[in-house]
Amino acid sequence: MAGVMLEVSSVYKSFSEPVLVDVSLHLNGGEVLGIVGPNGCGKTTLLRIMAGLESPDKGSVRREGKVGIVFQEDRLLPWKTLWENVALGLKYHGIRGEELTKRVRDYSSMVGLTDSDLSLHPRKASGGTRRKAALARALVLEPEILLLDEPFTGLDVKARTSLREALNWIWDEYGLSTVIVSHQLEELLPLADRVYVLTPKPARVAEEIDLRGMDLERRLERVKEALLRILSRSGTG
Amino acid sequence: MTRGGKEASRGHEIAFRAGRILASLFVLAIWISASATGMLPGPVEVVAYLLSMEPEEVAPQVLKTLYNSITGFSLSFLASMVLGLLSHRLPLIKGFSEALSEIFNSTSALVWSLVLVATLGVLSPLPPILVVAAVTLPHVLTATVSALSSADPGLLEAVRSVGAKPSDEFFEVILPSSVPLLASASRVGLGTALRISVVAEAFGSSGGVGYMIIRSYNLADASGVLAWSLVLIALVLGLDQLVLKPLERRARRWLE
Ligand SMILES: Nc1ncnc2c1ncn2[C@@H]1O[C@H](COP(=O)(O)OP(=O)(O)OP(=O)(O)O)[C@@H](O)[C@H]1O
Ligand SMILES: [Mg+2]
């Protein structure tokens, strides 16, 4: 579990204008890493680059294991049931029959999806259920690195609690190294071991904060301070 | 919605339906005034003629026209799928398809009919099918190309993130995403196909509603012309309202 699972080195990415500038960060084995930053600063782009879905213009990404990603918008196929959505990756990797059924069952129940949830189409399922299906779709491939983009956004309190329980269970059981992008600090900070605070677009790493040993109040205070600092800095500069 | 809103939308709905009924009455009124000149049989006469026709006389012609249009449309649909799929990858095919659409789009059904009947002969069953295929191709091809590029890039990325190969992307995302647009294109295309098929049938002697219309015309049987025209209208409307429209509506819910 020790060692660096994922390392981003001096990454630069531009679409029509620069989005990421000289971003370097790393994810340690077994760690839950938070990434926070202002709206639209480039967090999703950073996560997509980490997952290898987008390539950086400059710099590099080193991954020490398989990556699973859960998108901000779930991105489930609307014409398939949740069960079929969870099974997608297994099918693409040639896993079929009993093995497929077993894995879909195991990982779905791990995130708290029932058989009746799995028989639904996404449009009939609640936001929380859809988010869990997206999580199970990533987990069935047994990744060593899990990337979560705004996992709590758009969920009600009950669904957020239930998702947090599922994540805690997964970490206890598998010690999966995880990156969580979130601007919901109250949800993120109790879970994270460390956070990187990004600047407004183009995103640079403004601060790295080790949260271990701090209580929640202290964590919130530290991260909010850092966010205020970068916002006031970008306001004047 | 508020109660006022509900009432307003109910009023809206009633007015809308009234407008639809008015349109039918309007067409009927034109027909009646045209028949008042004495040059054209009126509705009563034509309906009486229709009722006097034997089902065994009408059915084979209707089936022939349906067969011509569906076969012709299927040909253009298949060709469009193949070209649309290849256009996705190959710029050569993309240019080819685009120009082919433009050329076909500027060629009239009349020209196709004459050329094909002259080439294949009046007795050949092929011209109506080929004319339908040629005339519907530009619309269907354009629609197919845009349908096949309508997939949500987010969904494509999501399946790629769990290991989808390009063929998985095509069959699992691109094709299913294109269902609603393909259904709309098919609805328009099949309606066009029926109307074009009768034009082509008129130039041959292999049967169909179009053949019956022109035959009645050549026999100076005006009631026959109008009766067979009504058969065609009923066919187009019936197919559209009873089959194609419900199918299109179902297809549209597919992506929700
Ligand atoms: N594929 C793309 N093509 C062009 N521009 C893009 C693309 N992806 C992102 N961008 C732009 O990059 C910037 C950062 O986007 P990104 O989605 O990474 O930010 P974010 O921090 O995740 O935003 P949010 O807080 O809304 O989730 C935005 O200005 C966006 O318009
Ligand atoms: Mg984002």
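Chain B is divided into domain 1, residues 1-40, and domain 2, residues 42-253. The model is a predicted one. The centres of domain 1 of chain B and domain 2 of chain B, taken over C-alpha atoms, are 29 Å apart.

Start where these two domains touch. Six residues of domain 1 of chain B contact six residues of domain 2 of chain B. Between them, domain 1 and domain 2 of chain B bury about 490 Å². Carbon and sulfur atoms give 77% of that area. Look at B:Arg20, B:Trp31 and B:Leu40 in domain 1 of chain B. They lose the most area to domain 2 of chain B, and together they make up 78% of what the domain 1 side buries. By class, the side of domain 1 that touches domain 2 in chain B has four nonpolar residues, one polar residue and one charged residue.

What about charge pairing here? Across the interface of domain 1 and domain 2 of chain B, the rule finds zero salt bridges.

Now move to the interface of chain A and chain B. Here 18 residues of chain A are in contact with 19 residues of chain B. The two chains bury about 1700 Å² between them. Of this area, 61% is on carbon and sulfur atoms.

How many salt bridges are counted between chain A and chain B? The count is four. In a salt bridge between the chains, the side chain of B:Glu172 meets the side chain of A:Lys91, with 2.9 Å from N to O. Polar contacts are counted too: eight residue pairs between chain A and chain B, both residues at pLDDT 80 or more. On the chain A side that touches chain B, helix H2 (residues 82-92) gives the most, with four residues. That side of chain A divides into 10 nonpolar, two polar and six charged residues.

Finish at ligand 1. Which residues surround ligand 1? Among them are A:Phe15, A:Val19, A:Asn39, A:Gln72 and A:Lys201. A run of chain A residues also takes part: A:Gly40, A:Cys41, A:Gly42, A:Lys43, A:Thr44 and A:Thr45.

Three of these residues can be followed atom by atom. A polar backbone atom of A:Gly42 is 3.0 Å from an oxygen atom of ligand 1. In the side chain of A:Thr45, an N or O atom is 2.5 Å from an oxygen atom of ligand 1. A:Lys201 places a polar side-chain atom 2.6 Å from an oxygen atom of ligand 1.

Notes
Residues are numbered from 1 along each chain as its sequence is written. Chains are lettered from A and ligands numbered from 1 in the order in which they are written. This is a predicted model: local features need pLDDT of at least 70, side-chain atom pairs count only at pLDDT 80 or more; totals for chains, interfaces and linings use all residues. Side-chain values use heavy atoms; hydrogens and water are left out. Domain bounds come from an automatic or database domain assignment. Contact means heavy atoms within 4.5 Å. Buried area is the accessible area (1.4 Å probe) that two parts lose on being put together, summed over both. Ala, Val, Leu, Ile, Met, Phe, Trp, Tyr, Cys and Pro count as nonpolar, Asp, Glu, Lys and Arg as charged, and the others, Gly among them, as polar. A polar contact is a pair of N or O atoms within 3.5 Å; within protein, one must be able to donate a hydrogen and the other to accept it, and residues adjacent in sequence count only if both atoms are side-chain atoms. Helices (H or I, at least four residues) and strands (E, at least two) are DSSP runs, numbered from the N terminus. A residue is near a molecule or strand if one of its heavy atoms lies within 4 Å of it.
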